[in-house]
Amino acid sequence: MTSQHNPYAQLTEQNIYTPGPVKMTDSTLALGSVQTPYFRNAAFSQILLECERGLLRLARAPEGSRVVFLTAAGTAAMEAVVTNLLPPGEAVAVVNGGTFGQRFVDICRVHQRPTLELKVDRDPLTDGQVLSKASHASALLINAHETSVGHQYDLQATGTWCRRQGALHIVDAISLFITDPLDMTSDAIDALVVSSHKGLALPPGLAMVLLSPRALAKVRPSGSYYLDFGAHLRDGERGQTPFTPAVSIVLQLHQRLDQLLSAGIETEWRRASTVASHFRRGIATLPLKPYSTHMPSAMTALEVSAGLNAAQVVETLESQHHCVVAPNGGALRDRVFRVSHMGATNIADMERLLTALKHTLGEKQ
Ligand SMILES: *Cc1c(COP(=O)(O)O)cnc(C)c1O
């Protein structure tokens, strides 16, 4: 199909550098082109059980951990950890360093959990200062990487704090898994929220919650019909889900996990860090600087120099250079934009974007 006859060309013939969706591998794309199979059978059960084992291995989950597969956006999994793991009367501390921290706060408020909001601005939380205000909390909710500002928290420090407090450590790692090292066991993570369209580089639609034995012991009736862990965990024992799963994405996940596990997860950490470093070296001569000093390999948030407008840069990159980066909202709209290094993104992709940035920002190469 030529682009002339393709009504989706304007959307699909772009180079994407957004933190979800991200560029997918050729094998993921190829598997997406086959018929969706029927799934209430032993063959699919086998696939789903292997996905569960693969995810738990990649996340270095403790023995006896389980995975809940939800056909939904990542936010549904964020909501599900709140309703399924937090007893209504107990205080929960939420780290709020941007849009996604705010989302956890909003979810807790909707579900009337007593919420202690810990407002932070690019604080890695390593020194325990902020957390000391939350001594009565029975759980801590945190985004491993606050995607709105490209900032990574010190999960080792928050995990240590949770263990000392006897609090559940609930981590949204949607934009950190699998580009950056993460270890459920040594970081004492009880529930890990991940989703298909970030580092895993699959289409959006599948959200997963990895639950440690400590979290499994806390699972309570959620008051929700679809997002209830009980039924998902029960059916999951035989490799099934209570309702129709995102069957095609599950197959793509299986293939991706297979590739990641045979190459070794370190290979993906190295790809992401090489690509991110290449990009960050490339912007050194441009009127841009990283917004956070604690960046994951997954993404770079960039602040434009005075006199430039970030929203305008985003617009020009797309309309003139077919490069789609992520704009910021709210107060950062004119100052910050974001570039993802997740998925099948390689050095050549970064070079293309750097060239486009040089033209856009009026620099000679
Ligand atoms: C992308 C993202 C989510 C989920 O977003 P959805 O649009 O619901 O899929 C949640 N948390 C973080 C940190 C994210 O980057």
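I began with Glu-237, which counts as exposed at 60% relative accessibility. I note here that the model is a predicted one.

**Entry: the partner of Glu-237.** I looked for what the side chain of Glu-237 meets, and found a salt bridge with Arg-66, 4.0 Å from N to O. The two residues sit in distant parts of the chain, 171 residues apart. Glu-237 lies in the loop between α8 (229-236) and α9 (247-263), while Arg-66 belongs to strand β2 (residues 66-71). Is Arg-66 buried or exposed? I found a relative accessible area of 16% for Arg-66, so this residue is buried, because buried means under 20%.

**Entry: Arg-122 and Asp-121.** I looked up Arg-122 next and found a salt bridge to Asp-121, with the closest N and O atoms 2.9 Å apart. Arg-122 is partly exposed at 28% relative accessibility. For Asp-121 I noted a relative accessible area of 53%, and this residue is exposed, because the cut-off for exposed is over 50%.

**Entry: Arg-333 and Asp-334.** I then checked Arg-333, which has a salt bridge with Asp-334; the closest N and O atoms are 3.2 Å apart. Arg-333 has a relative accessible area of 46% and is partly exposed. Asp-334 is also partly exposed, at 36%.

**Entry: a network.** Which residues are linked with Lys-23 in a network of salt bridges? I wrote down Asp-349 and Arg-352.

**Entry: the count.** How many salt bridges are there? The count comes to 14.

Definitions and conventions: Residues are numbered from 1 along each chain as its sequence is written. This is a predicted model: local features need pLDDT of at least 70, side-chain atom pairs count only at pLDDT 80 or more; totals for chains, interfaces and linings use all residues. Side-chain values use heavy atoms; hydrogens and water are left out. Helices (H or I, at least four residues) and strands (E, at least two) are DSSP runs, numbered from the N terminus. Buried means under 20% relative accessible area, exposed over 50%, partly exposed in between (1.4 Å probe, protein chains only).
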